[in-house]
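Colleague: I have a few questions about this model. Please keep the answers brief.

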Amino acid sequence: MKMDNIKELIQLMKDNHLKSLNVKDGDLEIELEAHSNYSNKVVESSSSPETNLEKSVPKDSKLIEIRSTQIGTFYTQPDEDSTDTFVKVGDKVTSGDQIGLIEIMKLFNEVRVDHSGVIEEILVTNGEPVEYDQVLMLLRTEEE
Amino acid sequence: MPKVLVANRGEIAVRIIRTLKEKNMKSVAIYSVDDKDSLHVALADEAYCIGPASSSESYLNIERILSAAKISQADAIHPGYGFLAENETFVQRCEEEGFKFIGPSGKLIGLMGNKAKARDTVGKNGLPIIPGSEGPIRDANEGLIIAKEIGYPVVVKAVSGGGGKGMRLIESEKEFKRLFHEARKEAMSSFNDSRVYLERFIPDARHIEVQILGDGKGQAVHLFERDCSIQNHNQKIIEEAPAVILDDSTRTYITELTAKVMANLHYESAGTVEYLYVEKEKAFYFMEMNTRIQVEHTISEMITGIDIVEQQLEVAFNGRLTVNQSDIHMNGVAIEVRINAENPRNNFMPSPGKVELLHFSQGHHVRIDTHLYHGFTISPHYDAMIAKIITYGHNRSAAISKMRRVLSETVIGPVETNLDFQAYIMDHPKYQANDLNIHFLKNNHIIEGGD
């Protein structure tokens, strides 16, 4: 088996999204395994077309998970009587901005971001119980 | 259907959740980030992550636990042992927020938590106490007078003490002042409370304790007693029920007296009164009371057939015990061996890590209480106890034989454990002959040095 043949096999694996491949030819046996990053990429590109991703997201941005530091009740609204929220999807926030409140035994704790960026997704609703370490929101940031 | 939040982790959380399931009650687990793959989390009907691994921000954090109780709409909180089980403030906060605390009143917990007050209270109520000063001592001169009265050797102990801190053994009058001041200084730096009291020193005793259940309204029963004399630096490692060293009349005397005093104190839920027992005098001396379920409650369950957690739930929700003293009988002997993730060959250094080999022996009259499973990672943040192995036999030697067989079959690895250490004790002729006291390990050179 020549180097070119092996390259062909790798291309075959890529085209068919295979994680591993075992080929036996006479005395020679070759086993190929895709690196985990590679296989993740395969899944990602198949679920969301690359063109779409490139359009909406700057290249060097990353998603940050904003996690709860308390167990308690999360509030997205500062005031129960109005439907105004601290932040909504697409809002630009800077480090230190308030994004919600957590009530723990009648004490209200302000929840603030420690990165700057754009709110990509809000994963909790107003008045929802949250656990410690639960992801509350996703923040798209261009910080290092 | 009542819902109970279990404010604990590890084997005791698993054990409590099991009875809740059997009683058709809802169970709520709380856990730290480090415990997200723990068995108690998997077994409970609901589970809430309340904080990071550090106990002060999770299992010891009152407000976070109450927040989880509120979110889950729990009716009651079972504290297990350790953590907040004997914290008076926690009981008060549970009551303020409308959760039933499964245990005695905050007032009683506070009383028993103060060693000098506990001693005075039970003494006035008729339990035998070690001769000593009534309450804290003002100064060394007063101490010298009292020490002379009770007779040397004496022990000076911190009022807020525990674990041997702020404690000195004084053998004669001439070293009294020096050691008295040392103890005071250590008490101040360890507990921020320099008050100390005096007691006669009791050498070579056994540790014998009486298991109590009370309804909080003046009814209390005992589930006989346990002998917990095998200790490693004041830490129990093997327990037996009953204490076979006691003859029937001595057993009846101490168990009935203890139950009577606890009834008079309106003790609620499970509790244990610990005594030093001096064999040649057949004398008991009150040490302390533990106002909670204990690690070794299992062996009392084995010899009486009573589920102690079930009785705690009956008292909490229905205000009564479902057993009378006349229904409670003991049969046979049960032994519990505590298995810790530690290295006995390296000063009992804790040995946390992933459990990749796990096989518990089973068979007739074998009980294993554990939170281990294949692939579980033992966290370095918490207690090293990973399992309790309990065997039951028609007499002590049958229970020992069974324990030797069970220990020889059990495999836990690659973490280090004290399995072999415990097997060594089970094989020891003096242990088998029940020729022992609380200094067994030191006296037989199984461990080194002083306490």
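**Helix contact and overall fold**

Modeller: This is a predicted model. In chain B, helix 12 meets helix 13 through Ile400(B), Met403(B), Arg404(B), Leu407(B) and Ser408(B). On the helix 13 side, the partners are Leu419(B), Gln422(B), Ala423(B), Met426(B) and Asp427(B).

Colleague: How many nonpolar residues does the contact of helix 12 of chain B with helix 13 of chain B have?

Modeller: By class, two residues in this contact are polar and two are charged. The nonpolar residues number six.

Colleague: Are helix 12 of chain B and helix 13 of chain B roughly parallel or roughly antiparallel?

Modeller: Helix 12 covers residues 396-409 of chain B, and helix 13 covers residues 419-427 of chain B. Their axes come within 10 Å and cross at roughly 155 degrees. Angles over 145 degrees count as roughly antiparallel. Therefore helix 12 of chain B and helix 13 of chain B are roughly antiparallel.

Colleague: Is the crossing of helix 12 of chain B and helix 13 of chain B left-handed or right-handed?

Modeller: The angle is roughly 155 degrees. The hand of this crossing is left-handed.

Colleague: What is the radius of gyration of chain B?

Modeller: Chain B has 15 helices and 22 strands. For 451 residues the globule rule gives 22 Å, and chain B comes close to that, so it is as compact as a globular protein of that length. The radius of gyration of chain B is 22 Å.

Colleague: What share of the residues in chain B is buried?

Modeller: The C-alpha trace of chain B spans about 60 × 50 × 45 Å along its principal axes. Of the 451 residues in chain B, the buried share is 47%.

Methods:
Residues numbered from 1 in each chain as written. Chains lettered and ligands numbered in written order. Predicted model: local features only at pLDDT ≥ 70, side-chain atom pairs only at ≥ 80, totals over all residues. Axes fitted to C-alpha atoms, helices over the stretch in contact; angles between N-to-C directions. Helix = DSSP H or I, 4+ residues; strand = E, 2+ residues; numbered from the N terminus. Parallel < 35°, antiparallel > 145°, perpendicular 65-115°, else oblique. Left-handed = near helix turned anticlockwise from the far one by under 90°. Contact = placed C-beta atoms within 7 Å. Nonpolar A, V, L, I, M, F, W, Y, C, P; charged D, E, K, R; others polar. Rg over C-alpha atoms; globule rule 2.2 N^0.38 Å. Buried ≥ 20, exposed ≤ 12 C-beta atoms within 10 Å, placed from the backbone.
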